[in-house]
Amino acid sequence: MNIEPNPAYEYQVGGSLPADAPSYVVRQADTDLYDALRTGRFCYVLNSRQMGKSSLRVQVMQRLKAEGIACAAIDLTGIGSQNITPDNWYIGVVRSLVSSFELSGKFNLRNWWREQDDLSSVQRLREFIEQVLLLEVSQSIVIFIDEIDSVLSLNFSTDDFFALLRFCYNQRVDKPAYKRLAFCLLGVATPSDLIKDKKRTPFNIGQAIELKGFELHEVQPLLEGLVGKVSKPQAILQGVLDWTGGQPFLTQKLCKLIQNNMKVSEVEEVEELVRTQIIENWESQDEPEHLRTIRDRLLRNKQYTGRLLVLYKQMLQQKNIAADDSLEQKELPLTGLVVKRQGKLEPYNSIYKNVFDQRWVNKELALLRPPLYHEAITAWLVSNCQDESRLLRGKDLKDIQKWAVENNYSLSSEDSNFLNASLELYNRELEKVIGPTNLKFKLEEASSVVDLIYLCDKYSDIAEDYLFNSTYLEDWLFLRSETDLANLSRKIAVSYKQERRRGLEMFVRGLCKHLKRVPYPKILFEPNKLELGEIPIGYQHKLSLKISNNGRGFAWGDVIKPNLPGLSVPEQFDSSTDTTFDINFDALEVEPDDYQGNIFIDLKEMEYTCRIPISYKIKKLNISKPEKLDLGVLSHGRHSFPRTLIITCESSGGKLKGIASTKMNEIEIIQHSSQGKLLEFSLSIDTTNLEAGHYNTEITIKTNTGEFEVPIYFKKSLNWDIITALTARICIPVGLVMFLIRHILENYLSVGLDDNWVLSYPPEVTGASYLPEFFPFLHLSIFGIPEVQIICSIFGSLVFFICAFIFREDLNLLKEKLKSKVEIFYDSINQVIESYKNRSRLSNQWVYNLRYSPSKGMIIIGWLIKTTFLLLILLWLVIFIINWIINLLAWLGSSFLIITDLTTYPLKAIGIEQAAIAWLVLGCFVGGAIGLQHLRLL
C-alpha cells in the first residue's frame with residue numbers, strides 16, 4: 001500500500017477524537033457497538049481510562065445519525081457529583097435529553113418538572129421518557145451515557161436510576177414504543193458496581209462490548225503520519241505496538257514523539273526514545289497525564305491497595321496468572337495496568353512493566369504496611385517462606401493483627417500466608433511452654449470447638465467476658481492451631497464492642513461454619529401468614545405472631561414495612577428478646593380496596609429473609625344518619641340543640657371518623673366525638689342578624705367512609721316588640737312633619753272641590769311664562785312673581801332634595817355615566833377644533849392678509865359696544881335660567897301636592913275633613929313602612 005506523505009497529518013494525544021480525525025483507528029468494537037445499537041440492543045462499554053471509549057462513542061453516534069436514528073449523549077461529569085441533590089441530578093439528566101433532542105421549543109422543562117412534584121425524581125425521569133420523549137421523537141432513539149462511573153461518588157444511591165434502565169428494557173414486552181429506545185453506558189466500572197444494594201436484582205441487561213488495544217492490521221491509518229519522517233514506517237509502527245501493546249493513548253503519544261523527533265529512523269531507536277521520553281523520570285514527563293492516572297487509581301483505596309499490589313507483583317514474577325472472578329481481579333484491569341488475554345491476566349505492555357516494576361511495588365507496599373511488618377514479610381518472602389526467624393510472635397503478632405482489623409486492611413495472599421505461619425509458630429511455642437489446656441465455663445470445660453459452641457450458647461455471659469475482656473478465647477484457639485478462628489475472635493472483639501451479645505452470636509456462627517454446621521436458627525411465625533378477610537373501615541386490632549426460634553442461636557434484623565395502608569410493625573426484630581412479633585392494624589383512614597403484600601425481615605448475616613404474607617379487604621361502613629333536621633320556629637336570639645345530629649356506624653368492628661361543617665355562619669357545630677361507633681354533634685344557632693322567614697341549608701359531614709349532607713330547616717319568627725318600638729319612633733315624626741308642611745301650604749293654596757284640598761294645578765303655575773321680556777330691567781321684580789308660584793317652587797325644592805337623598809346611589813351611578821359620555825363628547829370636539837386649526841394654518845400659508853390699523857378711540861368704542869352687548873346677553877340668560885328653574889320646581893311641588901291630596905282625599909269618607917290631618921295619617925303609614933324596611937322585614 002503506497003501512502004503519500006502528509007505534512008498536515010497530526011496525532012491526537014488524549015481527549016475525544018473528532019468524527020473526521022484522520023488518526024482514528026477503527027477496531028472490532030466499532031462494528032460490534034454499531035451493529036448492536038442499530039438493532040436496538042442495550043450495550044455497555046466498561047474499561048479503563050484513555051482506552052478510546054469517548055472517541056468510539058463519537059464515531060458510532062455519527063454512523064447511527066446518518067441512518068436516521070436519533071441520538072443523545074449525556075456526560076455525567078457535566079451534571080456534577082459533589083454537593084448535588086437527587087432532584088438536581090435527575091433534572092440535569094432530563095435537561096441534557098431536552099437539549100440533545102431539541103425539545104425546548106415544544107416542552108417547558110421548568111414548568112413540567114414543577115407540575116410533577118408529587119412524584120420522586122426517578123419517577124419524573126420515567127414519565128419524561130414515556131410521556132414526552134417517546135411521543136415527541138418518532139424515530140429510533142439511542143442514548144449514550146458517558147462517564148457512568150461518576151455516579152459512584154454521589155452522596156446518594158443511584159440504584160433506582162439503573163433499575164429504571166432495566167425497567168425500560170423490560171417494558172419492551174408490554175409497550176412496543178420502548179423497542180425504539182436503547183441505552184449505551186460508557187465508563188470505568190464493572191456491571192456489579194452499578195447497583196450496590198445486593199438485595200436488588202443486579203444490572204444484568206445489555207451486551208458487553210470488549211474494547212481491545214490496537215492490532216497491527218487496524219493501525220494502518222497511523223502510517224500516514226510516519227511516511228516521509230522515517231525510512232521504514234511499517235517496521236517503526238510495529239516497534240511502537242511492541243512497546244505500547246496497542247494501548248490507544250500510548251500508541252498515539254509514541255507516534256507523535258517519533259513524528260516530531262528527527263533522530264528516530266530505525267526500529268532500534270524507538271527503544272531509546274521510549275526510555276528517555278516516557279519511562280525515565282516518568283512522573284515529571286507524564287503530559288498529558290496517563291501514567292499518574294493509573295498510579296492514582298491503583299492506590300486510591302487503601303483497604304484493597306495491598307491486595308492489588310501483591311496481585312500485580314505476582315504477574316511481574318510469573319509473567320501472567322490465571323484469571324478468576326475475585327474482587328481484585330475485577331478491579332485491577334480497571335486501572336489499565338493489566339489486561340486479560342486468553343484467560344490470563346498479564347501486564348498490559350512493556351512500558352507499564354518498566355515504570356511500575358517490582359521495585360516500585362515494594363516501595364508502595366513499604367509505605368502501606370507498618371515498617372516492622374514490611375521488613376519481616378519481605379525477608380520471609382526472600383527466603384522462599386522458609387526463614388521462621390522472620391515470623392512475628394507475641395505482642396508484635398497481635399499488634400499487626402489489631403492494625404489490620406482497625407484499618408480494615410484487606411489481607412493479600414502474601415499477608416495471609418505470613419500471618420498464618422506466624423500464628424502457627426506462636427502456637428507451637430506457646431504449647432511447649434504451657435501445654436494443652438481446656439477452657440473453663442463454671443463447672444464445665446471446653447476441650448474442642450464442638451464443646452466451645454455448646455458452652456458459649458449455655459454460658460453466654462462468661463463467653464462474652466472471654467471474648468471482649470480478655471484474650472482467653474484467642475489464645476486457646478491459637479494453641480489448637482485454629483488460626484482463622486483466632487483471627488475471627490479478634491476481629492469480632494473490635495467490631496462488636498457496643499453489641500456484645502450479637503458479637504458473641506457472630507463468633508459462634510463462625511465456629512459452626514468452620515465445622516460445617518448450620519450456624520443460625522430458622523425463624524418461623526405462628527401463624528405463618530395473615531389472611532384477615534373482609535374488614536370494615538375503622539377496624540383496629542393488635543395481632544401477635546408467636547416467634548419460633550428453630551436451631552441454635554438467635555436472629556436479628558431490620559423489618560421492611562410493606563406499602564400497605566393501616567399496617568404498622570416494629571422497625572427492629574430480635575428473637576433473643578422478643579417472643580412475639582406484634583402487628584398493629586388500624587383501618588380508620590384506609591380506602592376500601594383489596595390489599596395484599598409481604599412483611600420482610602432482613603436478618604443480619606443470614607442467607608435468607610423472613611417473609612410474612614398478609615392480605616385483607618377493606619369494605620365501606622354501613623351507617624345510619626338523619627334524613628333531615630327540622631328545628632322548628634326560632635325566635636330572635638341564640639338557640640342550642642344538644643346532640644341533635646348523630647351518625648351511627650352499623651358495621652360490626654367498624655369505626656367512624658369525621659368532621660361536620662356548614663356554609664351558614666350563624667350555625668355553630670359542636671363536635672362531641674371525632675371517632676368511634678357514634679359521631680355526635682350539637683348545634684347552636686344565632687338568629688340575631690337573620691331576617692324573619694324560612695331557612696334551608698345543609699350540614700356537610702366528611703367521614704372516613706365518604707362525604708354526605710344532612711339538610712336542616714328552621715323558621716325565624718317576627719319580633720313584634722322591636723318592630724313596634726322602631727316603627728313608632730319613625731312613623732310619628734314623619735306624620736307630624738307632613739302635617740306641618742300641609743298646614744303651611746293650605747294657608748296659601750286651595751284649588752279643587754273646597755278650600756282645604758288641592759286637586760288641580762294652580763293657575764299661577766300653569767300660566768307662568770318661561771321666557772323673560774327682552775328688557776327685563778324695565779319691568780322685572782322678584783316681588784312680581786306670584787306668591788303661589790313661589791310657595792310651590794319652595795315645596796318643589798324640598799321634594800327635590802328629599803328625592804335626591806333617597807335615590808343618591810342611583811344618581812351617583814347616573815353621574816358617572818354622564819361624566820364618561822361628556823368626556824367622550826369633549827374629546828370629539830377637541831379633535832374637530834384641532835383639525836380646523838391645522839387646516840387654518842395650511843390656508844394661511846397661501847392667503848395674503850391685508851392688515852388695517854384702526855385708531856385708539858375707535859378701539860375703545862368698539863370694546864365698549866362688545867362688552868355691553870355681551871353683558872345684556874348674559875343677564876338675559878341668567879334671568880331665563882332662574883325663571884325656568886322656579887317654574888320647574890313649582891311644577892314639581894304642585895304635582896307632588898296634588899298626588900298626595902288625591903291619595904288622602906278618600907279619607908274624607910271616614911270623617912277626616914282637613915287635608916293636614918289626612919297628611920298626618922299618611923305620614924304615619926309611610927314612617928311605619930320605613931321602620932319595617934329598616935328592619936329588613938318586608
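The model is predicted, so local features need pLDDT of at least 70 and side-chain atom pairs count only at pLDDT 80 or more, while totals for chains, interfaces and linings use all residues. Residues are numbered from 1 along each chain as its sequence is written, and side-chain values use heavy atoms, with hydrogens and water left out.

Three cavities of 30 Å³ or more are present; a cavity is a set of points on a 1 Å grid over the protein atoms alone where a 1.4 Å probe fits but cannot get out. Helix 7 (159-170) is among the elements that supply at least two lining residues, and helix 7 gives the most, with three.

Turning to helix 10, this element spans residues 248-260 and reaches 18 Å from its first C-alpha to its last. Helices are DSSP runs (H or I, at least four residues) numbered from the N terminus. Because 10 of its 13 residues are buried, helix 10 is largely enclosed by the rest of the structure; buried means under 20% relative accessible area with a 1.4 Å probe, protein chains only. Among the buried residues are P248, F249 and I258. At the start of helix 10, a side-chain oxygen of Q247 comes to within 2.9 Å of the backbone nitrogen of F249.

How values were computed:
1 Å grid on protein atoms, 1.4 Å probe; cavity = no way out; pocket = protein on both sides within 12 Å on 5 of 7 lines; lining within 4 Å. Points joined across faces, edges and corners; volume = space filled by probe spheres on them. Expected span 1.5 Å × (residues − 1). Buried < 20%, exposed > 50% of the residue type's maximum accessible area, 1.4 Å probe, protein only. Polar contact = N/O pair within 3.5 Å; in protein donor to acceptor, adjacent residues only side chain to side chain.
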